[in-house]
Each structure stands twice: as C-alpha cells, then as structure tokens.
Amino acid sequence: MGQKEGDLCYYTEVLGQFRFTDEGLKELRPYFAKAGININAIKTKENYLMARQAASPWFMEHMRQLAEEGSKNTLEDQALISIFSGDPQKTEALFAKLEKRNKLGLKLDA
C-alpha cells in the first residue's frame, strides 16, 4: 500500500510509483485540464510537481470555482470568492459588512 501524502490527493508507492486517489482525480483533473495537462499522463511525483507549476497561472480561477461549488452564499463565502476573483472593491465592501456584523453581533444579508 502506498503512502498518502499532503491532502490525500495522491499516493507514492515504495518503488516510487505515483497514483492519484479518487478525490485527487476529482479535484485536480479540471485544474490540470485548464493548462492542457492530461492527469493520466502524470506517473511520478516529479511529473506531478511539474504539472502543478505549469498549471499555476490557473490556480486562483480553480480556487474560485471550488469556493463557488461549496458556497452556502454566506458573507464569508462571498468574501472568499471575491478574493479569488481578484475584485478588490467587492472584497473590501464584503469585509466591511463582515466587520460591522461581527462588531454589532448582527446577522446582515449579503
């Protein structure tokens, strides 16, 4: 059996073989696809690290999509999505609402 590493996205076997977990495939396939990388072609940890580097320009977009998929439309979720979207004005406005809510102990709608 392999060693689970990091966030359980992949295993490394004793002989250096590398494979993704089901969760790793689900999470990383669309991320690598944005960079034109076929996740099935990644056979070693070195391949994986090179793929991560090659896909890094799409990281914020990938994180935004993950945040949107898990969003319950709370102020916190909206603030996180705005950070990943690169919208500083919206982020600032949402953080102001969060700060006001937290200071007053109120529940404000977005």
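Visitor: In which hand of crossing does α3 pass α4?

Guide: In this predicted model, helix α3 covers residues 59-69 and helix α4 covers residues 75-85. The axes of α3 and α4 lie 8 Å apart. The crossing in which α3 passes α4 is left-handed.

Visitor: How are α3 and α4 directed relative to each other, roughly parallel or roughly antiparallel?

Guide: The two helices pack at an angle of about 160 degrees. Angles over 145 degrees count as roughly antiparallel. The directions of α3 and α4 are therefore roughly antiparallel.

Visitor: Which residues of α4 meet α3, and how many residues of the contact are nonpolar?

Guide: From α3, the residues M60, M63, R64, A67 and E68 take part. Their partners in α4 are L80, I81, I83, F84 and S85. By class, the contact of α3 with α4 holds two charged residues and one polar residue, and the nonpolar residues number seven.

Visitor: At what angle do α1 and α3 pack?

Guide: Helix α3 also packs with α1, and the axes of these two helices are 10 Å apart. Here α1 passes α3 in a right-handed crossing. The contact is made by E27, Y31 and K34 of α1 together with F59, E61, H62, Q65 and L66 of α3. Its classes are three nonpolar, two polar and three charged residues, and the packing angle is about 145 degrees.

Visitor: Is H62 buried or exposed?

Guide: H62 is found in helix α3. Leaving aside residues up to four places away in sequence, H62 touches E27, Y31 and K34. A residue under 20% relative accessible area counts as buried. H62 has 5% relative accessibility, so H62 is buried.

Visitor: How are α1 and α2 oriented, oblique or roughly parallel to each other?

Guide: Helix α2 spans residues 45-55, and the axes of α1 and α2 are 9 Å apart. The angle between α1 and α2 is about 55 degrees. Angles under 35 degrees count as roughly parallel, and those from 65 to 115 as roughly perpendicular. The orientation of α1 and α2 is therefore oblique.

Visitor: Which residues of α2 meet α1?

Guide: In this pair, α1 passes α2 in a left-handed crossing. On the side of α1, the residues are L28, Y31 and F32. The contact of α1 with α2 divides into six nonpolar, no polar and one charged residue. The residues of α2 that meet α1 are Y48, A51, R52 and A55.

Visitor: What is the relative accessible area of T21?

Guide: T21 has its place in the loop between β3 (18-20) and α1 (22-34). Not counting residues up to four places away in sequence, T21 touches L8, C9, Y10 and Y11. The C-alpha atoms of T21 and C9 are separated by 5.3 Å, although these residues are 12 residues apart along the chain. T21 is buried, and its relative accessible area is 9%.

Visitor: What pattern does the chain follow along the sequence?

Guide: The chain has five helices and three strands. Read along the sequence, these elements give the pattern β-β-β-α-α-α-α-α.

Visitor: What percentage of the residues in the chain is buried?

Guide: The accessible surface of the chain comes to about 7,600 Å², and 54% of this surface belongs to carbon and sulfur atoms. The chain has 110 residues, and the buried share of them is 29%.

Note on methods
Residues numbered from 1 in each chain as written. Predicted model: local features only at pLDDT ≥ 70, side-chain atom pairs only at ≥ 80, totals over all residues. Heavy atoms only, no water. Axes fitted to C-alpha atoms, helices over the stretch in contact; angles between N-to-C directions. Helix = DSSP H or I, 4+ residues; strand = E, 2+ residues; numbered from the N terminus. Left-handed = near helix turned anticlockwise from the far one by under 90°. Contact = heavy atoms within 4.5 Å. Nonpolar A, V, L, I, M, F, W, Y, C, P; charged D, E, K, R; others polar. Buried < 20%, exposed > 50% of the residue type's maximum accessible area, 1.4 Å probe, protein only. Areas by Shrake-Rupley, 256 points an atom, 1.4 Å probe, with all protein chains shown as cover.
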